[in-house]
Amino acid sequence: MKRVGKLALGSALAALAVTQVTAQTVPDFPAVTDAEIQNPDPADWLSWRRTLDSWGYSPLDQINIENVQNLRMVWAMPLNSGHQEGTPLVHDGIMYFPGPADTIHAIDARSGQLLWRYQRQLPEDIGDYLPVYDTTRNVAIYGHLIIGNSADDYVYALDARTGEPVWETQVLDYREGAKQSSGPIIANGLAITGRSCEPEGGPAACVITAHDAETGEEVWRTPIIAQGDDPNDATWGGVPLEERLQVGAWMIPSFDAELGLIYMGTSVSAPTPKIRLAGNDFTYLYHNSTLALDVETGEIVWHYQHLVDQWDMDHTFPRMLIDQQVAPDPAEVEWMAPDIEPGRTYRTLSGVPGKTGVVYTLDRETGRFLWARPTLQQNLVGHIDGATGRVTANPETVPTEYGTSIEICPSPSGGANYQAPAYSPLTQTMYFPVINTCAEMSALDPADGDTGVYGVSSRAYMAPGVDGMLGAIHAVNAVTGASEWTHLQRAGTQSLLTTGGGLLFAGDAEGFLLAMDQRDGRVLWSMNVGSSITGYPATFAVDGQQYVAVSTGFWLSDNFTPELLHGRQNTLFVFALPEAGIGHRGPEREQVNPAGTVGSADPPAPGQNIGGFTRAASDGVFTAAQAEIGLGVYEGHCAACHGTSLQGAGGVPAVRGGAFSRQWRGRSVAELFGYLRTAMPPGGTGSLSDTQYLALVAYLLRENGYPAGETPLDPDEALLAAVGID
């Protein structure tokens with residue numbers, strides 16, 4: 001941990017490169033305080049999961065198990081392009097929604113009318129340094145400020161009433177390997193943020209930071225990789241500091257205001273097989289751990305390691321803070337402490353923190369292990385010592401040599417992933433969305449050349465014994481650890497929301513929003529909104545009427561369910577009961593073009609020209625040489641799953657012929673390039689260079705009958721977005 005003074009705020013705010021579109025301002029409101037954030041009005045949604053305990057629960061009960069069948073859509077808003085996983089914030093009837101790539105909307109929450117929109121101007125070369133840089137999961141509100149993390153490694157604040165920039169502070173140089181896909185929480189006036197850290201950033205990029213929410217001044221910065229005088233430096237077995245890489249904190253923490261502790265989860269090291277580092281006898285702290293940090297200083301008060309990882313099984317996901325008795329049921333809980341005191345109320349930290357799908361419950365004051373159990377098929381955690389909490393990996397899943405094939409469950413995509421669980425105090429039950437996958441893995445020998453970021457090969461497949469049901473929701477009693485019910489379905493499950501009306505709202509990859517009974521998992525209502533529900537749901541109230549908001553986008557794991565057809569549009573949807581009314585017009589808009597001048601509107605941003613494409617793939621948009629390079633990339637990284645004939649097998653989709661046309665005709669080359677870069681190869685996403693991914697695009701186009709031309713595909717995403725696959 002390191003305390004620092006105020007950093008330079010960069011250039012004067014007047015010179016900030018932003019695009020600001022203002023229809024009108026938000027009505028003034030009293031400043032939002034720490035007390036409100038820690039105990040929000042039921043009508044509001046003031047943090048990522050509404051409350052800082054990460055429950056994802058709202059006490060609103062106007063929409064309930066008796067009337068939810070009457071739920072209807074009341075408005076929708078298109079969002080900008082990019083990887084969309086946003087969370088609405090709602091305060092005093094105004095919604096603040098973060099779209100991809102640092103776009104923030106202020107919306108009249110009753111009508112859906114845009115009040116202002118902020119678009120940060122990102123560096124043109126950011127994609128050369130950071131893969132999938134445009135994800136923006138959440139923003140925070142404090143005082144009169146909306147606070148976010150920018151893709152180019154700043155923490156910044158806008159005036160919530162106007163969208164005008166107020167301050168910004170650089171955290172790291174985006175060209176040196178840190179990516180910020182999640183925004184802050186506000187804890188005692190501090191904006192707390194974590195980040196993932198690319199290998200080229202070294203250990204300096206792997207930090208959790210706190211900034212004064214009012215001024216942007218950096219208050220503390222805590223390394224996630226043990227080093228120097230940290231007593232856990234020795235857990236790296238003498239690995240030089242510059243080779244301790246990519247232990248990040250890329251999701252959002254929880255906060256206990258009474259204890260003054262921030263709880264943050266951490267990710268894996270790179271490379272992941274420990275035979276590439278100092279061997280399998282070391283623990284490499286603080287990877288795959290829960291960290292409890294002092295909110296005032298950033299000091300790590302305690303840590304608990306969930307798994308010494310070999311295969312990219314991150315443990316960055318929500319920690320739910322629940323005060324409860326702890327009485328694990330021996331019939332269903334595999335591992336438990338021997339000295340749990342019957343009848344005692346513990347301050348616990350619980351949930352599925354990692355991709356393994358294992359529930360862990362800890363004493364959040366001390367980090368002491370209480371109990372743990374799996375939710376789905378897993379073979380990575382072999383044993384947990386109840387007395388010490390020490391986790392022992394299943395030795396059959398630990399590589400001891402390069403090239404040996406090892407079967408693991410779940411796969412490196414989870415199990416659990418960014419999709420958020422929820423807890424309900426009505427049932428004392430935690431609800432977990434998980435994916436039933438396994439994978440064939442092997443550790444790659446660095447002597448063979450470039451082995452990618454993680455140094456592993458992966459071939460994922462559907463877990464056996466689930467009858468093709470990829471998605472699942474597991475309801476686990478938080479007191480006893482017993483399974484209350486399990487919901488299985490073909491489509492992958494997404495983030496969850498619980499309410500005081502006894503409902504569990506769940507989105508899925510096919511585009512369905514489900515309203516379920518918390519008690520037994522019965523589906524009471526559903527609606528298909530057309531695209532995968534990728535954002536985090538929220539519920540709020542305006543003028544005495546309750547609303548539910550969800551957002552859609554692009555999901556990365558369609559390979560397992562190719563028959564489920566859905567769009568990938570980024571759209572925000574809001575639902576309510578009939579009494580709320582439909583078609584509210586919202587505040588009167590200011591005229592943007594009062595003179596009526598024809599054609600005076602600003603041109604759309606690159607990649608957002610919804611009027612059509614300017615070129616077609618059939619015009620010859622790649623070269624023959626580029627396609628030949630792509631053939632080598634395909635043979636080295638894709639053919640093992642999709643076959644040398646490009647026809648796939650065993651649930652792996654074909655990428656030639658009708659299957660390719662159905663998936664990609666009418667879409668842009670930028671979308672195909674983006675998909676390959678963010679989803680392929682499974683378990684090693686982003687492991688190829690942009691040049692290799694572009695060559696792979698050229699090869700796939702050639703193999704699907706598109707001719708070569710005189711100029712190669714250009715990595716400029718605006719140029720790629722202008723090319724349609726006809």
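A: One definition before that. Two strands pair if DSSP finds at least two bridges between them. Helices (H or I, at least four residues) and strands (E, at least two) are DSSP runs, numbered from the N terminus.

Q: And what sort of model is it?
A: It is a predicted model: local features need pLDDT of at least 70, side-chain atom pairs count only at pLDDT 80 or more, and totals for chains, interfaces and linings use all residues. Residues are numbered from 1 along each chain as its sequence is written, and side-chain values use heavy atoms, with hydrogens and water left out.

Q: Okay, E27. Which residue is the bridge partner of Met-336 there?
A: Trp-371. Met-336 belongs to strand E24 (residues 335-336), which runs antiparallel to E27 and is joined to E27 by two bridges.

Q: How many bridges does E27 make with E26?
A: Five, again in the antiparallel sense. In that pairing, Val-358 stands opposite Pro-374 of E27.

Q: What about the turn of that hairpin? Which residue has a positive phi?
A: Gly-367, near 85°. The hairpin of E26 and E27 has five residues between the strands.

Q: Is E27 buried or exposed?
A: Mostly covered. Six of the six residues in E27 (369-374) are buried. Buried means under 20% relative accessible area, exposed over 50%, and partly exposed in between (1.4 Å probe, protein chains only).

Q: Which way do the side chains of E44 point?
A: Both ways. Thr-571, Phe-573 and Phe-575 point to one side, while Leu-572, Val-574 and Ala-576 point to the other, and all are buried. In a regular strand the side chains alternate between the two faces of the sheet. E44 covers residues 571-576, and six of its six residues are buried.

Q: What does E44 pair with?
A: Strand E4 (residues 72-78), antiparallel, over six bridges. Pro-78 stands opposite Thr-571 there. Strand E43 (residues 545-553) also runs antiparallel to E44, with six bridges. Val-550 has Phe-573 as its bridge partner in E44.

Q: There's a five-stranded sheet too. What's the strand order?
A: E3-E37-E38-E39-E40, open, with mixed pairing. Strand E3 (57-58) and strand E40 (523-528) are the edges, each pairing on one side only. Within the sheet, E37 (493-499) and E38 (503-508) run antiparallel and share four bridges. Thr-493 has Asp-508 as its bridge partner in E38.

Q: Switching to aromatics. How many pairs?
A: The structure holds 19. Rings of Phe, Tyr and Trp (its six-membered ring) pair if their centres lie within 6.5 Å; planes under 30 degrees apart count as stacked, over 60 as edge-to-face and the rest as tilted.

Q: Give me an example.
A: Trp-250 and Phe-317 are edge-to-face, at 5.6 Å centre to centre and 80° between the planes. Trp-250 sits in the loop between E18 and E19, and Phe-317 in the loop between E22 and E23, so the pair ties together parts that are 67 residues apart in sequence. Both Trp-250 and Phe-317 are buried.

Q: Which residues form a cluster with Trp-48?
A: Tyr-418 and Tyr-536.

Q: Now helix H3. How long is it?
A: H3 (residues 624-637) has 14 residues and reaches 20 Å from first C-alpha to last, close to the 20 Å expected at 1.5 Å a residue. The expected span is 1.5 Å times one less than the number of residues.

Q: Which residues of H3 are buried?
A: Gln-626, Ala-627, Gly-630, Val-633 and Tyr-634. They cover an arc of only 110° around the axis, which puts them on the same side of H3. That arc is taken from the directions from the helix axis to the C-beta atoms. On the other side of H3, Ala-625, Ile-629, Glu-635 and Gly-636 are exposed.

Q: And what do the buried ones pack against?
A: Helix H4 (639-642) and helix H7 (690-703). Contact means heavy atoms within 4.5 Å.
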